[in-house]
Amino acid sequence: MANKTHTVFLVDDDSAHTQMLKDHLSSKLNVHLTTFSSGEDCLNNLHQKPDVVVLDYHLNSTKKEAQNGLEILKKLKAASPETEVIMLSSQDKIEVAVEIMKHGAFDYVIKGESAFVRTQNIILNIIKSFKLMENLKAYKFATYFLSAVIILIVIIAIVLYATGNVDKFPGAV
């Protein structure tokens, strides 16, 4: 099975920060990156089925009428619950982290000198968890399939024995 290229949306109204994060991630990860300057644009493009959204908490810092990151997070998780969200913020407040985690964010990253590497590592962990879930589904399918085959063999053996047709097969007991 070929490796899927995962889609990551970067959503931040700070274009310089977004470009630096995009440059960093594109040099370190094999993912398809798409940037948006507003949460509304991100929501309008959910049909692209992003695997991960890196979302700024203060999306309304330049456009006051724009929705903030928490509002976008709630709408994003309602529309696409399987999409994982990493929230970025310059705030180092535990209350903010708790609030966004309650609404389904995968993780919270404080903007700073290690934010790009931390975001990169979180995306890698999310991709690993997707692969583990795919493997789990494959193992479950294989288990159900093999169980069905064993049950079918037992039923055939019972029918053959009950009808007396066991003796017609060489090597049969």
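**View 1. Here is the largest nonpolar core, a set of 20 residues in which V11, C42, V53, L55, L73, M87 and I100 touch the most other members.** A nonpolar core here means buried Ala, Val, Leu, Ile, Met, Phe, Trp, Tyr and Cys residues joined through side-chain atoms within 4.5 Å. Buried means under 20% relative accessible area, exposed means over 50%, and partly exposed is in between (1.4 Å probe, protein chains only). Two or more residues each come from strand 1 (6–11), strand 3 (52–56), helix 3 (69–79), strand 4 (84–89) and helix 4 (94–102). Helix 3 gives the most, with 4 residues. Helices (H or I, at least four residues) and strands (E, at least two) are DSSP runs, numbered from the N terminus.

This is a predicted model, where local features need pLDDT of at least 70 and side-chain atom pairs count only at pLDDT 80 or more, while totals for chains, interfaces and linings use all residues. Residues are numbered from 1 along each chain as its sequence is written, and side-chain values use heavy atoms, with hydrogens and water left out.

**View 2. Zoom in on I100 and its contacts.** Setting aside residues up to four places away in sequence, I100 touches Y57, L70, L73, M87, A105, D107 and Y108; contact means heavy atoms within 4.5 Å. Another core lies apart from the largest one, with 19 residues that include V8, V31, L88 and A115.

**View 3. Now for helix 3 and its buried side.** G69, L70, I72, L73, L76 and K77 are the buried residues of this helix. They sit on the same side of helix 3 because they cover an arc of only 155° around the axis, taking the directions from the helix axis to the C-beta atoms. Their packing partners are helix 2 (39–44), strand 3, strand 4 and helix 4. Turned away from that buried side, the other face carries exposed A78 and A79.

**View 4. Strand 4 and strand 5 (residues 107–110) run parallel, joined by 4 bridges.** Strands count as paired if DSSP finds at least two bridges between them. Across from L88 stands V109 in strand 5. From strand 4, the chain goes through helix 4 to strand 5 in a right-handed β-α-β crossover: with the strands pointing away from the viewer, the path from the first strand over the helix to the second runs clockwise.

**View 5. Last stop: T119, in helix 5 (residues 115–163).** T119 is buried, at a relative accessible area of 0%. Beyond its neighbours within four places in sequence, T119 is in contact with L21, V54, I86, L88 and V109.
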